[in-house]
Amino acid sequence: MKNKLLKAILMLSKGFLYGLILQMLLVNFASIMQAKGQYKRIDEVSIRLSVPSMNVRQFFKEIERKTPFKFAYDNKKLDKSQLLVFDSELGTVEERLQVAGQQLQVSFRQMNHTIDVVPTGQTVVQVMAEVELRPITGTVTDENGEPIPGATVLVEGTNTGTATDIDGNFSLDAEEGAVLLVSFIGYESQRITVGNQSNLSITLVEDQASLEEVVVIGYGTVNKSDLTGSVGIVDSELIHSRPLTNAADALQGRIPGVQVMNNSAAPGGNFSIRIRGSNSISATNEPLYVVDGIIGVGGLQFINPNDIASIEVLKDASATSIYGARGANGVVLISTKRGKVGKPQITYDSQFGFSNMARKIPMLNASQYMQMENEAYLYSGLTPQFTQEQIQNPEFDTDWQEEATRTAFRQNHQIGVYGGNEQSKYGISIGYLDEEGIMLNSKLERANIRINLDNNLSDKLVLGTSLTINHSKDRRIDTDNGGLNASRAMLEMFPFLPVKYEDGTYSNSADHPGGEGTDNPVAILNEIEDYFTITRTLGNLFLEYEVIKDLKVRISGGADINYESRNYYSPRTLRRTRNTRGLAIRSNVRELSWQNENTISYQKILNGRHDINAMMGVTWQQFRHENFGASTRGLNDDFFKFNNLGIGDTPQPPTSNTFDWALNSYLGRINYILDKKYLFTVSARMDGSSKFGESNKYGFFPSGAFAWRISDEGFMEGQEIISDLKLRTSYGITGNQEIGVFNSISSLATYTYIIDGQRTIGLGPGRIPNPDLRWEKTSQGNIGLDIGLVNNRLSLTIDAYYKQTNDLLLNAPLPYTTGYESIFRNIGRVENRGIEFMISSVNVDRDFQWNTDANISFNDNEVLELGAEGDDIFPGPGFVTQTNILRVGQPIGSLWGWTRLGIFQNEEEVLTHGAQPNAQPGDIIYLDLNEDGVIDSQDQSIIGNTAPKYNFGFINTFVYKNFDLIIEIQGVQGNDVMNLNPIVLEDRQTQANSYATLLDRWTPENPSNTIARVRKNSDLRLSTRHVEDGSFIRGRNISLGYNFNLQGKEWINTLKVFASAQNFFLISDYGGYDPEVSTYGGNFGQGIEFSSYPTPRTFTLGLSVGL
Amino acid sequence: MKNYSLKYITLFLILSLGFAGCDEFLEENPETFISPNAYYRNAEDAQSAINAVYAILPRFYQGIAYGESVFFTLEMPSDQADSGTGVSVVDQDRLDAYIYDPAIRHLRLWWQYSYQGINAANSVLYYVPEIDMSENAKARILSEAYYLRAYFYFDLVRLFGAVPLTVEPTLNISNVNLTREDVTVIYDQIIQDLINAEHHLPVAGSIEAEHGRATKGAASTLLAKVYLTLERWEEASNKAEEVVNSGAYQLFDDYADAFDVENKNGKEHIFSIQFERTINSSNFHAWFLPRYRGIQANTEEFGAILPNMEFYNSYSDDDYRKAANFIQVIPQLMDLVS
């Protein structure tokens, strides 16, 4: 019977794939509608027709209404409007079909209560084999006897089936001897042969394999227990335990070896991530981001954190080498929420929060400043500028940090709908974020839409799509770092000046002779408008087809489309743009990155002991960037802002740029598991990059890994302490290609000069070629151990690694006599080695639950080789003197400067020291390192290191009844921060305000050994004074939630409220706002501060509803 | 079976489609700049090649940071000027104190800018002769390149003594480590370049002369200065005489007029580096103003460089240059905020 049916269907389909699918759907649909009651035969049932003549449609309808039979047919092949004429009024259904069949030239076949219509050209009416069906009822429960609702019960080999109700009961009709297939997600399927029993009791056993966490790795997934590489995971629950604006935040303190730094506390400010230290000098050290398979998404600020289902971080070479030339810095894989089978779930999440300045820097007030300045002038032999009257009763005493900041408000709303059936699943969400920054007027608004769809077009063909559109508008104030921006003015502005004078004009520091001339911070924040509007669309579509059993072909195409525009206006009311009469800028960026990936995967278990999972593929990716900018000065009125550049009488030359790069890759991976105990992974990728030289376009990145599930060995049986034990080893090579474009080819640069008073353009030397330029290569070995104790109540993961990066992509200095400064070459080596620990423990597991997750990671970095001569390199960011140095034998992140010994207390000390003959008592003593009697660049040395010795995270979660509490503490230890602020705030008196610590300055009466006398000249040498301990322990997040008891409420599933605080404490000796800082950004900006945006402390109230 | 073969065909198609790589895909095709090989084709290309050499000149007089500028290399150690007090600088204070530390950016940048100019001039001399263009225009452009190369080397040899000599543009990274040449070799090259330059440069004031471009007079004057430096007195005198007698230049009646902005590119100016506020501005004058006194509108006043008092006092009070060269009264301070 089965074969006949199959043949019939094949006949119907005539080999045409989509026809087949459609017909199967139709047949399914028709056949599932029945399945109850005693079957009748068409020759047993008589029917009286209402009229002797009717069309096919009416005929079918009448039979379906008056008898238990239903028709199944292919709409396209049957003309239902055709008229049928019947000669007799009464007759059996079979006789009727006989008549109809002759007129329609079709055959009919009865199967149970379904009548299949088969267009054959001849007429046969037949009843398919005997159907002895009997009603069967049953109950499906789990091992604990709890009913399982929604389990599928299917008569094997047919399309007959049903699902269990809320109490786990089902009923259907099946013939004796039929096999029922009972299945439910997360349980092992069971086969029951129908005997003479009519009431079945079926117990499903949990499927350990499918219950197990599935981990996303590049181009596939594996069960967590089958992992051979080092992969860090943050699951959905943990991700959403903090209010997030940037998804990178969800990683902070949670994965060992992954250091996440929030380097600008401005709304939407960027994060920097280092995975297992810094490998590179001139190329990026940031990991590769892959969002739903789209590779190379620049940063995570465009992904709505609420949409994220899981984040996986690939750390070792075995895991990352599938990303080849882009894998060396680790890979962050983001998977977004998709629909699941079941009734629609509607979620609403809402958060309201406010934040304020977590730390304030103590500055001099008006009287104190005036006193200091007078003292400085007197020391320098000049007439003081302030009278005693002014000092005692300053007219204004402005606290600029107070004036320039505020309590900022934040709200975030998200609606999501997730659901689907076996055929199609959907996940749709809409989000809105409105976040104010604590500095006046800084603000981020963002709206997102996401649509994720999955369709089983057939049981062999799957179609999936992910689409997200993100629109944000951001008023930024943290640009122009190092310049006189608001965060700097907030500290440097004179306290004796008001925000505004009586006539309504803003003060600026040049209002006082000798002042550097910064506009006051409130003026900058209120008057400069700097908007970044970004629309970003990420879309991906894949088709997966099971060509033959176990072999799947997947074709996917994705695009990342970015449109950014910047509108800037600095008005005529500010000092900086007063003389140029305003400055208006408009610029935009358009970027398109597309990718196509074609993979074949094969998965099979042979003889029950060889588990093979292999994939190979070819991918293409191309990125194109275009930008355009125009600006003008000389606006007649501030009214126009950036909206009418034509009004400016001094337009600046327009700018534009265009570039693209492309990658073509071949990749493959084999996972082989023997006896579920010995796990092998071999993977490789060959990447071709347009960024490299003619002779080195393609690079090959292989890796291999072996893991051993020791706990599954026979000798581990019989003991109950170690429940899980796995040893992992891996070695592989990955690359880094993240340098700019065109670095391998020569170019001419544009020059501007004036001839006869006119702008004249020149084209001259730009760059010399390096046809040998290639990727940077990082080889990494990893050894790890996963241990589970006492039924996995305590689990421990340890990883140790050694990485060496060769052929560094170094923007290597050239002798200036060439006329060039540097060229990208592959020279140098860097190593990183480290060890990581992670412990998860279920401390208490009763009514009261207490879990602890703790992680700690250590990393050591060393530069092994630099250039041919191994000369030191000063990579910047640079201030008045160099901040950083790269030196063989020293870590990346070494800080450079002089050593301060203290303060000269008297003339005698000046004479004894000898190297600072012009110094006076009260001046700073520097170490004459080479003892040549002069303080110069030869006396600089390495005075610090911005790379931490270790990072840790400590997460405790508590659940009691309906309450849950999470407390997360995060820390970084052993790193230095170079704080440039004292340069201006301690050693440049009279031009700007100073730290309150200046009150403890050296005077003959107060022999301070740390703070020099106040004086009118300044000292700008970067020294040990500017290196501070950047270690900190931060109360990252504390969140208390309450889950309402909703039993018996059908319309609502979950309701949770929570209150949380971020950055709720910070323990650090650092003198700035926050030691987690990078004012200048870039590879070497980490841990270097020059008046950064202050870090807020944030409080949030949230509501989460699930319907 | 028919279905299976269809599947294999599909599979094969997908595979062959995917693996059929194309070399063009990974080729870089810049659209915003041009490679030297595709350039130097016509008279306009030659013109913009020489413009790029001139464009190096202003770099010596633009700011580095905090009121510092490369030309202070020569001013600070002199007896005329002192580094301004209260200015946030380190390097120029050391120049003022005769500390010649290799880390001083002024020294490094002078060296770097000079060789940038030399390399750009060498590029002109390397590529332009091959261009099919008017021989007159070509000769003039080459002469300008000779002039500018001599200009850069003359400063270099006087500042650093024996320096590497290169008369070819740098085209790749082979052979980039040059050794120093004897001072006499450098001077020989300078003199040869200036003699080459003199012939085809226009005379100042002629219709071809343009403000900013080298003239015959500029080349001869520089040559006179070179001879003077080498103590070849007679040649120096003859060259200088040539310039004086050329009739192309005259002294201003008033000494101060030579420094008046109104007389930019005036009759007494032989060769001037050109600036325009909105195009390539320089804060040159601001460095000479007392710090933050609100004296002038367009730039900050850095107070970076101050006259040496001894030097100032060395002028007798009735010396007109004293009044012309110095501001003797500090302009009125802005009133303190009351």
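In the predicted model, A:Asp474 is buried, with a relative accessibility of 6%. This residue forms a salt bridge with A:Arg476, in which the closest N and O atoms are 2.8 Å apart. A:Arg476 has a relative accessible area of 28% and therefore counts as partly exposed, since the buried class is limited to values under 20%.

A second salt bridge in chain A joins the side chains of A:Arg1034 and A:Asp1074, at an N to O distance of 2.9 Å. This pair links distant parts of the chain, its members being 40 residues apart. A:Arg1034 belongs to strand 56 (residues 1032–1043) of chain A, whereas A:Asp1074 is placed in the loop between strand 57 (1054–1067) and strand 58 (1088–1089). A:Arg1034 is buried at 4% relative accessibility, and A:Asp1074 is buried at 3%.

In chain B, the side chains of B:Glu210 and B:Arg213 meet in a salt bridge of 2.9 Å, N to O. B:Glu210 is partly exposed, with a relative accessible area of 28%, while B:Arg213 is buried, at 6%. Elsewhere, A:Arg242, A:Asp249, A:Arg254, A:Glu968 and A:Arg1036 are joined into one network by salt bridges that share partners. Over all chains, the search of the whole structure finds 65 salt bridges.

The interface between the two chains was examined next. Here, 86 residues of chain B are in contact with 97 residues of chain A. About 7600 Å² is buried between the chains, and carbon and sulfur atoms give 62% of this area. On the side of chain B, the residues that lose the most area to chain A are B:Phe25, B:Leu26 and B:Glu28, which together account for 11% of what that side buries.

Across this interface, 1 salt bridge is found. B:Glu31 forms a salt bridge with A:Arg624, with the closest N and O atoms 3.2 Å apart. Helix 1 (2–19), helix 2 (43–54) and helix 5 (105–127) of chain B each give two or more residues to the side that touches chain A. By class, this side of chain B has 46 nonpolar, 26 polar and 14 charged residues.

Backbone geometry was also considered. A:Asp550 has a positive phi of about 75 degrees, although it is not a glycine. A:Asp550 is located in the loop between strand 30 (529–548) and strand 31 (551–570) of chain A, and at 18% relative accessibility A:Asp550 counts as buried. A:Lys641, likewise a residue other than glycine, has a positive phi near 45 degrees. A:Lys641 lies in the loop between strand 33 (610–633) and strand 34 (650–651) of chain A and is partly exposed, at 28% relative accessibility.

Terms used:
Residues numbered from 1 in each chain as written. Chains lettered and ligands numbered in written order. Predicted model: local features only at pLDDT ≥ 70, side-chain atom pairs only at ≥ 80, totals over all residues. Heavy atoms only, no water. Contact = heavy atoms within 4.5 Å. Buried area = accessible area lost by both parts, 1.4 Å probe. Salt bridge = Lys/Arg side-chain N within 4 Å of Asp/Glu carboxyl O. Helix = DSSP H or I, 4+ residues; strand = E, 2+ residues; numbered from the N terminus. Nonpolar A, V, L, I, M, F, W, Y, C, P; charged D, E, K, R; others polar. Buried < 20%, exposed > 50% of the residue type's maximum accessible area, 1.4 Å probe, protein only.
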